[in-house]
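These are my notebook entries on a structure that I looked up.

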Amino acid sequence: MAELKGVKKLDKKVSKFTEKFGCTAEMGSEFCYWKGEDLINYSLLVGLASDGLWREYVLKNFNYKIENIFMFSLLHEIGHHLTMDNFSKKMRNAEAKKVEKIEEKLNESDSEIVFRNSNLEYFDLPMERVATKWAVNFSKKHRRFLKRFWKSFQKDLYAFYALNGIKLNLS
Ligand SMILES: [Zn+2]
């Protein structure tokens, strides 16, 4: 990733949020959770093709309409942090193997059907599903709290984009 200015400041802001749940946050190229380090990587690259499928999956399976994909993705990773210990090492390894297979399928094929089915299969893996479920429950219960954080984070985000000369196309 190119050297961006003001990343530490954003990390601090997101960490302020995630620290309530016992983990810190650092910007990365994609959202993920590092078990053992209690670290979450967040990404500003939202609006990926898989996000649309995730929205569809969450609506269908949890009857929840994702309002803010960034916040929901962050909560999903917090969900991993809070639920991962419910899974034995054996289960975690089994799921990691399945993820590898799904990634292989995605890398090998350009087919839209494979993309769709593989992503849906991924979202529905036990650990993924539980983390999403946690994110849904939290989002439903703490809507105002999330909105307040987002509003404040958005200000920092705009300052970050301006600092790096990134023009936003807000339509
Ligand atoms: Zn996940």
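I take axes as lines fitted to C-alpha atoms, for helices over the stretch in contact, with angles running from 0 to 180 degrees between N-to-C directions. Helices (H or I, at least four residues) and strands (E, at least two) are DSSP runs, numbered from the N terminus.

I note that this is a predicted model, in which local features need pLDDT of at least 70 and side-chain atom pairs count only at pLDDT 80 or more, while totals for chains, interfaces and linings use all residues. Residues are numbered from 1 along each chain as its sequence is written.

**Entry: two helices**

I looked up helix H1 (residues 7-18) and helix H7 (residues 143-163), whose axes come within 10 Å and cross at roughly 170°. That makes H1 roughly antiparallel to H7, since angles under 35 degrees count as roughly parallel, over 145 as roughly antiparallel, 65 to 115 as roughly perpendicular and the rest as oblique.

Which residues of H1 and H7 meet? I found Lys 9, Leu 10, Lys 13 and Phe 17 on the H1 side, and Phe 149, Phe 153, Asp 156 and Phe 160 on the H7 side. Contact here requires C-beta atoms, placed from the backbone, to lie within 7 Å. By class, this contact of H1 with H7 has five nonpolar, no polar and three charged residues. Ala, Val, Leu, Ile, Met, Phe, Trp, Tyr, Cys and Pro count as nonpolar, Asp, Glu, Lys and Arg as charged, and the others, Gly among them, as polar.

**Entry: the sheet**

I recorded an open sheet of three strands in the order E1-E3-E2, with mixed pairing. Strand E1 (24-27) and E2 stand at the edges with a single partner strand each, so one side of each has no neighbour in the sheet. Two strands pair if DSSP finds at least two bridges between them. E2 and E3 pair in the antiparallel sense over three bridges; Cys 32 has Asn 41 in E3 as its bridge partner. H1 lies across E1 and E3 and runs at about 150° to E1.

**Entry: two loop residues**

Most residues other than glycine have a negative phi. I found a positive phi near 50° at Asp 38, in the loop between strand E2 (32-34) and strand E3 (39-42). Phi of Asn 63 is also positive, near 50°, and Asn 63 lies in the loop between helix H2 (49-62) and helix H3 (69-83).

Are these residues buried or exposed? A residue is buried if 20 or more other C-beta atoms lie within 10 Å of its own, exposed if 12 or fewer, and partly exposed in between, with C-beta atoms placed from the backbone. Asp 38 is partly exposed, with 14; Asn 63 is exposed, with 9.

How values were computed
Two residues are in contact if their C-beta atoms, placed from the backbone, lie within 7 Å.
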